[in-house]
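Subject: Structure handover

Hello,

Here is the structure for you to look over. Please open it alongside this message.

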Amino acid sequence: MFNINKNALLAFAGGFVLLLIIIASIIWRLNCVNELKKEFLRFEKSLLKAGYELGYEDLDCSFFGLFSVKNFEIISPDFSWKVPEITAGSFWGRLKFNLSDEQFLNYHQEAYNLAFSDFSISFGQDDAEIYFKSLNFGGLFESGPFELSLNEEKKDDNKDLPISFKGEVEISDIKILPEFETNLPRQIEKISLNYNVIGRLEYNEIYRASLMKWLNLGGFIEVEKLILNWQPLSMVARGELFFNENMKPSLHLQTSSKGLLSFVDKACESGTFESKGCFVVKILLNNKSFKLNEDDEHLTLTTPINLNNNTFSIENIALIKNP
């Protein structure tokens, strides 16, 4: 009979299992990297169709379902956004991406440093979320927590233009810093938005093709409820956001507010609004304003506000025109 050394056998078995794990991890890692590169190529193809380029370095995966990429950058002739590092992993059925706190934005040859805190993007089976705890935008603006959520609507109501997604956006404690010259109030307490993506938004390998099909079938975004607290202005609104074939937005809101007249006065005095438009708008708003309660400090107004063809207007009177 053979005299088997149990300790040696266990050591051999343990070593063999470890070798299999190492081989499996190498194969899995190579497969993961290849699959990720395919997804990045698909993403890059979509960006190129839209006039953007994609750059990245050191795409890597680990055996534990984590991956990382360095110097991720999206570039166009007048815009670039660079993130030094992105890491991701799957936790409790969600895919979560963590982005570097320090990022870099270049817009029309102006460079801005972006300083985030706890910036993440996560995806579940039927939902997505973008979150950061705070942001300093190039020393011009600061903000507190920001959260955007998007949930797929499963209900099939057989409408030609069903609700594909429902979403919410909220950002609070926005400060306009001294580096940014303005006479407007420097504290925005809160912006929150409830919205619906109307129309069938179907998957296509080229993202722009999905968007164009959605638009061609009449797709738009319904502004279910918008709240803006920017003292002295307090506003609630609802409306629609449309896009043309070049994805330029056209926003139409019906608003109810207190303090809009005072806010318009400040914007006109500071030169933010055009003087010609200010004169007409003030007359129209004064004629429509009323006190909802006797002790109200600011007058109440219901009025349309639009952003169309780079023109911001109140009561269909242009107040800001951008080329």
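Below is what was found in it, from the whole chain down to single residues.

First, a caution: this is a predicted model.

**Overall**

The chain holds four helices and 19 strands. It has 323 residues, and 33% of them are buried. Among contacts with a separation of 6 or more, 46% are between residues 24 or more positions apart.

**Aromatic pairs**

The count comes to 13 aromatic pairs. One of them is Tyr52 with Phe79. Their ring centres are 6.3 Å apart, which is within the 6.5 Å limit for a pair. Their planes stand at 90°, so the pair is edge-to-face. This pair links distant parts of the chain, 27 residues apart. Tyr52 sits in the loop between helix 1 (6-49) and strand 1 (53-61). Phe79 belongs to strand 3 (residues 79-91).

Phe116 and Phe132 form another edge-to-face pair. Here the distance is 5.1 Å centre to centre, with 70° between the planes. Phe116 lies in strand 6 (residues 110-117) and Phe132 in strand 8 (residues 127-132). That puts the partners 16 residues apart, and again the pair links distant parts of the chain. Both Phe116 and Phe132 are buried.

There is also a ring cluster. Ring pairs link its members, Tyr112, Phe137, Phe141 and Phe180.

**Strand pairing**

Phe132 also has a place in the strand pairing. Its bridge partner in strand 11 is Phe146. Strand 8 and strand 11 (residues 146-152) pair in the antiparallel sense, over six bridges. Strand 11 is joined to strand 12 (residues 163-176) as well, by seven bridges, and these two run antiparallel. Within that pairing, Asn151 has Lys166 of strand 12 as its bridge partner.

**Helix 2**

Helix 2 spans residues 207-216. Its buried residues are Ser210, Met212, Trp214 and Leu215. What covers them? The cover includes strand 13 (187-198), strand 14 (220-230) and strand 15 (233-243). After the helix comes Gly218, with a positive phi near 95°.

**Nonpolar core**

The largest nonpolar core has 53 residues. Which members touch the most others? They are Ile86, Trp230, Leu260, Val264, Phe273, Leu285 and Ile314. Helix 3 (residues 260-269) gives this core its largest share, six residues.

Take Leu260 as an example. Setting aside residues up to four places away in sequence, Leu260 touches Leu233, Met235, Leu285, Leu301, Thr303 and Ile314.

**Thr300**

Is Thr300 buried or exposed? With a relative accessible area of 6%, Thr300 is buried, because the cut-off is under 20%. Thr300 is in strand 17 (residues 300-308). Beyond its neighbours within four places in sequence, Thr300 is in contact with Ser257, Lys258, Lys288, Ser289, Phe290 and Leu292.

Best wishes

Terms used
Residues are numbered from 1 along each chain as its sequence is written. This is a predicted model: local features need pLDDT of at least 70, side-chain atom pairs count only at pLDDT 80 or more; totals for chains, interfaces and linings use all residues. Side-chain values use heavy atoms; hydrogens and water are left out. Rings of Phe, Tyr and Trp (its six-membered ring) pair if their centres lie within 6.5 Å; planes under 30 degrees apart count as stacked, over 60 as edge-to-face and the rest as tilted. Buried means under 20% relative accessible area, exposed over 50%, partly exposed in between (1.4 Å probe, protein chains only). Two strands pair if DSSP finds at least two bridges between them. Contact means heavy atoms within 4.5 Å. A nonpolar core is a set of buried Ala, Val, Leu, Ile, Met, Phe, Trp, Tyr and Cys residues joined through side-chain atoms within 4.5 Å.
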